[in-house]
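The sequence and structure come first.

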Amino acid sequence: MRDVEMRSSADKSLLRGQELFARGDYAGALRENQAVVSAFDKKPPGDRALFSMGLIYAHHDNPQRDYKQSRANFKKLIEDYPGSALAGQADMWVHVIDETEKEKRIARELEKKQVEKKTESREQA
């Protein structure tokens, strides 16, 4: 397949991915974007597909939401496409995900300490 044809096919896959994402078909959107990443490893428009995959995995309505996978996609974009216009946004998302995960860890630790305190209070009574 010629480069122009491959690009056109990738653009169609990216558009289908956006349409599926908008309809809430996250698995379908991921498949379309993954096809682009596979065909354009370390070449545009692979960066756009990775960015979309990062958003899909982070989306609050996605029942298969996976912040670890979202972060991995954004990090891959940053590493494989450092000159991409999307690299700065991907870096921002990595920091947002890191902060969110940190806050969740802190909340779990606080909750655990509260449960331990309640248990100790009951045992002393």
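## Packing of α3 and α4

A crossing of two helices is called left-handed if the near helix is turned anticlockwise from the far one by less than a right angle, and right-handed if clockwise. In this predicted model, the crossing of α3 and α4 is left-handed. The contact involves Asp47, Leu50, Phe51, Met53, Gly54, Leu55, Tyr57 and Ala58 on the α3 side, and Tyr67, Gln69, Ser70, Asn73, Phe74, Lys76 and Leu77 on the α4 side.

Two packed helices are described by the angle between their axes and the distance between the axes. For α3 and α4 the angle is about 160 degrees and the axes are 8 Å apart. Angles over 145 degrees count as roughly antiparallel, and α3 and α4 are therefore roughly antiparallel to each other.

## Packing of α4 and α5

The axes of α4 and α5 cross at roughly 150 degrees and come within 9 Å. That angle makes α4 roughly antiparallel to α5. The crossing of α4 and α5 is left-handed. From α4, the contact is made by Tyr67, Ser70, Arg71, Phe74, Lys75, Leu77 and Ile78; from α5, by Ala87, Ala90, Asp91, Trp93, Val94, Ile97, Asp98, Glu101 and Lys104.

## Helix α5

Helix α5 runs over residues 87–124, a total of 38 residues. From its first C-alpha to its last it reaches 56 Å, close to the 56 Å expected at 1.5 Å a residue.

The buried residues of α5 are Ala87, Ala90, Val94 and Ile97. These buried residues pack against α3 (46–58) and α4 (67–80). Ala87, Ala90, Val94 and Ile97 are also listed among the α5 residues in contact with α4.

## Salt bridges

Side chains of opposite charge can pair when their charged atoms come close. Counted with a limit of 4 Å between nitrogen and oxygen, there are six salt bridges in the model.

One of them joins Asp98 and Arg71, whose closest N and O atoms are 2.6 Å apart. Asp98 is partly exposed, with a relative accessible area of 28%, and Arg71 is partly exposed at 29%. Both Asp98 and Arg71 also belong to the contact between α4 and α5.

## The network around Lys76

Which residues are linked to Lys76 in a network of salt bridges? The network consists of Asp41, Lys76 and Asp80. The side chains of Asp41 and Lys76 meet at 3.9 Å, N to O. This pair links distant parts of the chain: Asp41 is in the loop between α2 (26–39) and α3, whereas Lys76 is in helix α4, 35 residues apart. Asp41 is partly exposed, with a relative accessible area of 44%, and Lys76 is partly exposed, with 31%. Lys76 also takes part in the contact between α3 and α4.

In the salt bridge of Asp80 with Lys76, the closest N and O atoms are 2.5 Å apart. Asp80 and Lys76 both lie in helix α4, four residues apart, about one turn of the helix. An α-helix has 3.6 residues a turn, so residues three or four places apart point the same way. Asp80 has a relative accessibility of 18% and counts as buried, because the limit for buried is under 20%.

Note on methods. Residues numbered from 1 in each chain as written. Predicted model: local features only at pLDDT ≥ 70, side-chain atom pairs only at ≥ 80, totals over all residues. Heavy atoms only, no water. Helix = DSSP H or I, 4+ residues; strand = E, 2+ residues; numbered from the N terminus. Expected span 1.5 Å × (residues − 1). Buried < 20%, exposed > 50% of the residue type's maximum accessible area, 1.4 Å probe, protein only. Contact = heavy atoms within 4.5 Å. Axes fitted to C-alpha atoms, helices over the stretch in contact; angles between N-to-C directions. Parallel < 35°, antiparallel > 145°, perpendicular 65-115°, else oblique.
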